[in-house]
Amino acid sequence: MPDYYIGLISGTSMDGIDAVLASFDREVLELRATHAHAYPKELGDALQATIKNPDACGLDHLGVLDRWIGECFRDAALEIVNKSGVPMADIVAIGSHGQTLRHQPAGVRPFSLQVGDPATIAAGTGITTVADFRRADIAAGGQGAPLVPPFHDWLFRAKGTHRVVLNLGGIANVTVLPGDDSPVIGFDTGPGNTLLDAWIGAQRALPYDSDGQWAASGAVITGLLDELMADEYFELLPPKSTGFEHFNLGWLKACAIEDQSPRDIQATLSELTARTVAAAIDTHAPATKEVYVCGGGAHNQDLMRRLKNRLPDKDVASTLEVGLDPDWVEAAAFAWLAMRTINKETGNLPSVTGASHRVVLGAIHYP
Ligand SMILES: Nc1ncnc2c1ncn2[C@@H]1O[C@H](COP(=O)(O)OP(=O)(O)O)[C@@H](O)[C@H]1O
Ligand SMILES: [Mg+2]
């Protein structure tokens with residue numbers, strides 16, 4: 001019988017929980033069910049407010065958010081078990097990434113804070129729950145991010161072909177999979193969709209720019225693009241990771257955007273993501289032949305078109321081409337990471353995060 005695991009994540013876009021029920025049978029992954037679980041509006045609003053104004057977040061509020069998000073993750077898990085028809089008792093464990101509230105990988109005491117109480121998930125489902133995946137890597141001197149590259153390595157690496165897996169979430173991250181025995185590298189390139197979502201949200205009260213149509217209707221403002229691209233983050237050498245603590249509307253508004261047309265700003269932000277991703281690949285993975293894209297940004301046709309323009313000598317396609325639907329790659333990664341933890345196997349790649357050594361990730365919560 002295969003081993004069944006559930007993976008749960010809500011990324012920096014905070015667009016809701018992605019859930020998969022995966023089976024692993026002699027190293028073969030199959031998705032048995034998938035489910036997108038929206039946050040209730042009240043919770044989504046509370047989360048947005050907290051992110052935008054972290055200093056106003058009191059301890060009680062933090063505690064309540066932790067339990068409330070835990071309940072949502074529990075409900076997502078229950079729903080996916082229901083959808084799959086797999087008996088509850090056959091599921092080995094849930095891997096829950098939780099919701100990141102704060103990611104500060106630099107400084108005297110680096111930390112990454114995820115909420116979504118795993119004990120609530122374990123108690124409500126009766127399934128062992130692995131969570132808090134980032135802590136052990138940070139304690140070992142790493143960034144605690146990105147954590148998906150070892151999964152990409154396991155699933156997508158091909159001998160003889162230099163590949164990159166690009167995840168276009170709120171933040172964009174790449175995994176460089178050499179076709180030879182060189183180590184895997186991976187890092188956050190900078191903004192993925194986060195600025196695109198924030199700008200259209202502020203201007204037009206929409207959650208995102210559907211298919212990138214608004215961006216496609218504007219023209220790139222070259223002066224602004226240059227100003228945005230001058231940010232130091234883009235020049236930093238990996239290992240590196242970032243979040244909405246850095247790339248947010250305040251960051252954009254510090255640049256010369258008055259008197260510019262809002263749709264041209266949207267076009268410029270889309271070009272910014274495409275350029276910084278392409279520059280990261282050209283600089284750190286020049287031998288790349290194939291780029292496989294996952295995450296919600298894979299649906300943004302304007303962004304994908306800009307990316308292909310910036311990477312003319314590479315094949316740019318969705319991860320579907322290599323066997324996994326782009327919407328479920330991250331959630332599948334956390335199912336896989338939970339399996340690693342349950343089997344007492346390491347889950348981080350020091351060549352990616354900068355940790356001093358490989359460690360078993362996560363804390364295990366029994367029901
Ligand atoms: N049809 C679409 N057109 C444009 N953008 C989309 C579309 N579908 C999803 N997205 C983008 O993808 C984001 C969600 O991507 P996701 O991979 O879930 O990111 P995260 O991991 O940060 O939650 C949305 O916020 C939106 O910006
Ligand atoms: Mg998401």
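The model is predicted.

**Stop one: ligand 1**

The shell holds 18 residues, and Ser13, Gly170, Asp197, Asp211 and Gly296 come nearest. Colour that shell by class. You get 12 polar, 5 charged and 1 nonpolar residue.

Go to aspartate 211 next. One of its backbone N or O atoms lies 2.8 Å from a nitrogen atom of ligand 1. Aspartate 211 is also among the residues that come nearest to the ligand.

Move to threonine 12. A polar backbone atom of this residue is 3.1 Å from an oxygen atom of ligand 1.

Then pick asparagine 193. Here the side chain takes part: one of its N or O atoms is 3.4 Å from an oxygen atom of ligand 1.

**Stop three: leucine 311**

Is leucine 311 buried or exposed? Its relative accessible area is 1%, so leucine 311 counts as buried, the cut-off being under 20%.

Display its contacts. Setting aside residues up to four places away in sequence, leucine 311 touches Ala278, Ile281, Asp282, Val291 and Val316.

Finish with a distance label from leucine 311 to alanine 279. The C-alpha atoms are 9.1 Å apart, while the two residues are 32 apart in sequence.

Technical notes: Residues are numbered from 1 along each chain as its sequence is written. Chains are lettered from A and ligands numbered from 1 in the order in which they are written. This is a predicted model: local features need pLDDT of at least 70, side-chain atom pairs count only at pLDDT 80 or more; totals for chains, interfaces and linings use all residues. Side-chain values use heavy atoms; hydrogens and water are left out. A residue is near a molecule or strand if one of its heavy atoms lies within 4 Å of it. A polar contact is a pair of N or O atoms within 3.5 Å; within protein, one must be able to donate a hydrogen and the other to accept it, and residues adjacent in sequence count only if both atoms are side-chain atoms. Ala, Val, Leu, Ile, Met, Phe, Trp, Tyr, Cys and Pro count as nonpolar, Asp, Glu, Lys and Arg as charged, and the others, Gly among them, as polar. Buried means under 20% relative accessible area, exposed over 50%, partly exposed in between (1.4 Å probe, protein chains only). Contact means heavy atoms within 4.5 Å.
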